[in-house]
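Morning, everyone. Please look at the model on the screen. I will start with a definition and then walk through it.

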Amino acid sequence: MGKYRAWWLLFFCNLFWAGNFVFGKYVVTVMSPFWLTFSRWVLALIVLIPLAIFMEKPDWRQVARQWLPLSMMGLMGVIGYNLFLYSALEHTSATNAALVAALNPGVIVLFSFFLLGEKITRMQGMGFVISLFGVLVILTRGNLGQILDTEYNRGDLLAIGALLVWTFYSIIGKRIKGVTPITATAASTLLSVVMMLPFAIVQGVDLTAMNPLAITGFLYIVLFPSIFSFVFWNISVRALGANKAGITLNLIPVFTAIISVLLGESLTQPQIWGGLLVFLGVTVASGIVRGQWKGKQSKGVEI
């Protein structure tokens, strides 16, 4: 695949993931976060399993040997992340949740340093601090002097919970050997659905409460963020590499804010300034700034 087409796939991939924040906020008003998580991935499995078989032709014996880390991936990434995220959307805006999530790359780098012993550069450390400062601006609504005694929004704290759970999911994913990405996702999703099934039966769901907007949002979440985004992401990573593809994740809060504004939500100054700091920090941590600096110096360009 050409690189130009891969960049376009990443554009739509992140646009669809942004929609998960926005439509998720509507769906949780009529369906519990648990049932939204369970039903979303049950339906997504119908596509993910054949996709893994067709695209990757997995060695199922190797998959079976990795049942424990795959189960942990399902517990963290499928169950934990989605429960925290959809619970957060019951109490905070989609924009806030997406802006907090933008800190994810920096947190993964930090935890990888402490848990896996991976090296962290000075630029990555600086970028993480800048991003963290931006998130604190968002959480405190710009009142940084009240960091210790302010009353935080429950939804923002749950969004941080989603961020931490996804970090552990990503770290566990790095340790799995011999299982390809789509297969690992399909297998971990299947295991998580099995884990959720007894609780889903006990809790039950009232489908009569589903209105046309909620049904549309639910179908969107199943098709686009759960399936299309994942496929587009994997195709693009193969064409461009993980580092370049990862930079585009910064588009998610931007798209989320744009969609929210189009639907009538207004942005506050703390969201704007905090979001800019998060983007700046992630950009510094990704090495783009240093790469451009070195490139211009090698060409004799003054900055």
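First, what is a cavity? On a 1 Å grid over the protein atoms alone, a cavity is a set of points where a 1.4 Å probe fits but cannot get out, and lining residues have an atom within 4 Å of a point. Rolling a probe the size of a water molecule over the atoms shows where empty space is left.

Two notes on the source. This is a predicted model, where local features need pLDDT of at least 70, side-chain atom pairs count only at pLDDT 80 or more, and totals for chains, interfaces and linings use all residues. Residues are numbered from 1 along each chain as its sequence is written, and side-chain values use heavy atoms, with hydrogens and water left out.

Now the cavity. The structure holds 1 cavity of 30 Å³ or more. The largest cavity has about 60 Å³ of space. Grid points are joined across faces, edges and corners, and the volume is the space filled by probe spheres set on the points.

Which residues line the largest cavity? They are F21, Y81, L85, A97, A101, N104, A159, A162 and L163. Two or more of the lining residues come from each of α4 (67-88), α5 and α8 (154-175). Helices here are DSSP runs (H or I, at least four residues), numbered from the N terminus. α8 gives the most, with 3 residues. By class, the lining has 8 nonpolar, 1 polar and no charged residues. Ala, Val, Leu, Ile, Met, Phe, Trp, Tyr, Cys and Pro count as nonpolar, Asp, Glu, Lys and Arg as charged, and the others, Gly among them, as polar.

Next, how those helices pack. Take α4 and α8. Their angle is about 165°, and their axes are 8 Å apart. Therefore α4 is roughly antiparallel to α8 (angles over 145 degrees count as roughly antiparallel). Axes are lines fitted to C-alpha atoms, for helices over the stretch in contact, and angles run from 0 to 180 degrees between N-to-C directions. α4 passes α8 in a left-handed crossing. Left-handed means that the near helix is turned anticlockwise from the far one by less than a right angle; right-handed means clockwise. Among the residues that meet are M76, G80 and F84 in α4, with A162, V165 and W166 among those in α8. Contact means heavy atoms within 4.5 Å. The classes are 16 nonpolar, 6 polar and no charged.

α5 and α8 pack at about 35°, with axes 9 Å apart. This crossing is right-handed. N96, A97, V100 and A101 of α5 make the contact with D156, A159, I160 and L163 of α8. Here we count 6 nonpolar, 1 polar and 1 charged.

α5 (residues 94-101) also packs with α7 (residues 122-139), at about 160° with axes 10 Å apart. So α5 and α7 are roughly antiparallel. The crossing of α5 past α7 is left-handed. N96, L99 and V100 in α5 meet V135, I138 and L139 in α7.

Last stop: V30. Where is V30? V30 is in the loop between α1 (3-27) and α2 (33-56). V30 and V205 are 175 residues apart in sequence, yet 9.6 Å apart in space, C-alpha to C-alpha. Leaving out residues up to four places away in sequence, V30 touches A209, M210, N211 and A214.

Technical notes. Angles under 35 degrees count as roughly parallel, over 145 as roughly antiparallel, 65 to 115 as roughly perpendicular and the rest as oblique. On a 1 Å grid over the protein atoms alone, a cavity is a set of points where a 1.4 Å probe fits but cannot get out, and a pocket is an open set with protein on both sides within 12 Å along at least five of seven lines; lining residues have an atom within 4 Å of a point.
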